[in-house]
Amino acid sequence: MNPLQVAVGVVKSADGKILISLRDQSSHQGGLWEFPGGKIEQQETAEQALIRELKEELNLNVKAATPLITVKHQYTDLLVQLNVFLVEDFSGEVESCEGQAFLWVEPDALRQYAFPKVNQPIITAARLPDRYAILEDTDEPLLRINLQKILDRGVKLIQARLKTLPPEAVKKFVEQAYPLCKQKGALLLINSAVKSPDDLEADGIHLTSRDLMFLDKRPGHRRWVAASCHTLQELRHAQKIGVDFIVLGPVLPTQTHPGAEVLGWKRFAELVSRINLPVYALGGMSESSVIAARSAGGQGISAIRAFIESE
Ligand SMILES: Nc1nc2c([nH]c(=O)n2[C@H]2C[C@H](O)[C@@H](COP(=O)(O)OP(=O)(O)OP(=O)(O)O)O2)c(=O)[nH]1
Ligand SMILES: [Mg+2]
C-alpha cells in the first residue's frame, strides 16, 4: 500500500525556537503536538503542499525550505510518510487559523511534549546541526589547535575519535575540551574505541560500527548515542537499539583512501530512505557538500579535514 504523503515544516525563528501546534482532538493522532503541515494533494510537490498548509493553518508565508528528514510509519490504521522541511525563511505573524493552540519551543525542550510516535526522529533532526566534525588523533598541541579551529568555525557537534592516544592523554584532553565545547554551545561525543569512554565526562558516545553490532540495547546512561554505519544491516540495527543519529560512508573518494569503494550520493540516498534516523554523510565532504547531503535525505555532513583546513 502506498503511504499517505504528508508535508511537514520544522519552522525555526531567528532566535532558534521551533513552532509546534496541537492536533485537534477529533483528528488522527488527535490531542498530540505536531509540526504543522498536512496531506500532499494530487499534482502538488511536497514543497508546494508545505507552503499551502503553513499558509492555511498558520498564515505563514514560507520563503525558503530545505529538506530535513523523511520518516515512514505504519500506524495500526494508516501508513504515513512525513516529508519534513526546515523553514528558517518566512514572513508573517503566526495566527491560529483553525483555532489550534501553538507554541514556540526551544529545540531541547521538544522532548517534553507529547507527539505522535513517528515524530521522535524529527525532533532529533530539529535539535541537530548540519555539520558533525571529527577530531582525529594527532599530537596534543595540534589536537587543541584543531578543536579551536572547529569551534571557531561554528560547528556545534564534535566527535573525539582518539583511537591511538594513550588513555591518560585522552582523559587530560577531554577534561580541557569539554568545557570549551560547552562554552561555545557545542556537543562533544566520545568515540567508543577510546579506552574506558565511560570515565570521560562528555555529551555522549559515538559507536564504531563494530561496537554497534555487539550491542543489543542502547547504552542507557548516555544523553546522545551516535553510530558509524556502512551497510543497511548496520543502519537497521542502529535504529532497532535506539541510536539517535548515524554517520554513513564513505560517500565520495577521499585523499586518505584513494582506491576505496564508495557509496556515491545515489546509494547514500537509497540507504537513508530505508530508516527513520538523521544521517550524516562521511567521506570526501567539503563544507559545500551540505546541500548535496540534504538533497539526498541526509541531515548534513561529517568530516575530519573540511573543518580544520582553510576555506
Ligand atoms: N502535520 C503533521 N502530521 C503528522 C505529524 N506526525 C504525524 O504522525 N502526522 C500524521 C497525522 C496525520 O495522519 C497525517 C497528517 O495529516 P494532517 O491532519 O496534518 O493533514 P491535513 O492538515 O491535510 O488535515 P485535514 O485537511 O485532513 O484536516 O500525518 C506531524 O508532526 N505533523
Ligand atoms: Mg495539518
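Reply: Gln 29 is placed in the loop between strand E2 (18-22) and strand E3 (33-34). The model under discussion is predicted.

Me: Is Gln 29 buried, partly exposed or exposed, and at what relative accessibility?
Reply: A residue counts as buried under 20% relative accessible area and as exposed over 50%. The value for Gln 29 falls in between, so the residue is partly exposed, with a relative accessibility of 23%.

Me: What is the phi of Gln 29?
Reply: Most residues other than glycine have a negative phi. Gln 29 is not a glycine, and yet its phi is positive. The angle is about 60 degrees.

Me: Where is Gln 43, and what is its phi?
Reply: Gln 43 belongs to the loop between E4 and H1. With a relative accessible area of 81%, Gln 43 is over the 50% cut-off and therefore exposed. Although Gln 43 is not a glycine, its phi is positive, at about 70 degrees.

Me: What is the mean pLDDT of the chain?
Reply: The model scores ipTM 0.96 and pTM 0.95. In the chain, 100% of the residues reach a pLDDT of 70 or more. The mean pLDDT is 95.

Me: How many helices and how many strands does the chain have, and what is its radius of gyration?
Reply: The chain contains eight helices and 15 strands. For 311 residues the globule rule gives 19 Å, and the radius of gyration of the chain is close to that, so the chain is as compact as a globular protein of that length. The radius of gyration is 20 Å.

Me: What percentage of the residues in the chain is buried?
Reply: Along the principal axes, the C-alpha atoms fill a box of roughly 60 × 40 × 40 Å. Buried residues, those under 20% relative accessible area, are counted among the 311 residues of the chain. Their share is 50%.

Me: Which residues come nearest to ligand 1?
Reply: There are 17 residues around ligand 1. By class, this shell has eight nonpolar, four polar and five charged residues. Those that come nearest are His 28, Phe 35, Lys 39, Tyr 75 and Asn 119.

Me: Which element gives the most residues to the shell around ligand 1?
Reply: At least two residues of the shell come from each of strand E1 (4-11), strand E4 (37-39) and helix H1 (46-58). The element that gives the most supplies three residues, and it is E4.

Me: What percentage of the area that ligand 1 exposes when taken alone does the protein bury?
Reply: An oxygen atom of ligand 1 lies 2.6 Å from a polar side-chain atom of His 28, and an oxygen atom of ligand 1 lies 3.0 Å from a polar side-chain atom of Glu 57. In the side chain of Glu 34, an N or O atom is 3.1 Å from a nitrogen atom of the ligand. Taken alone, ligand 1 exposes 630 Å², and the share of this area buried by the protein is 78%.

Me: How far apart in space are Thr 76 and Gly 264, C-alpha to C-alpha?
Reply: Thr 76 is found in the loop between strand E5 (61-74) and strand E6 (79-91). Its relative accessibility of 88% is over 50%, so Thr 76 counts as exposed. In sequence, Thr 76 and Gly 264 are 188 residues apart; in space, the C-alpha to C-alpha separation is 36 Å.

Me: Is Pro 197 buried or exposed?
Reply: Pro 197 sits in the loop between strand E10 (187-191) and strand E11 (204-207). Its relative accessible area is 13%, which is under the 20% cut-off, so Pro 197 is buried.

Terms used. Residues numbered from 1 in each chain as written. Chains lettered and ligands numbered in written order. Predicted model: local features only at pLDDT ≥ 70, side-chain atom pairs only at ≥ 80, totals over all residues. Heavy atoms only, no water. pLDDT = per-residue confidence, 0-100. Near = heavy atom within 4 Å. Polar contact = N/O pair within 3.5 Å; in protein donor to acceptor, adjacent residues only side chain to side chain. Areas by Shrake-Rupley, 256 points an atom, 1.4 Å probe, with all protein chains shown as cover. Helix = DSSP H or I, 4+ residues; strand = E, 2+ residues; numbered from the N terminus. Nonpolar A, V, L, I, M, F, W, Y, C, P; charged D, E, K, R; others polar. Rg over C-alpha atoms; globule rule 2.2 N^0.38 Å. Buried < 20%, exposed > 50% of the residue type's maximum accessible area, 1.4 Å probe, protein only.
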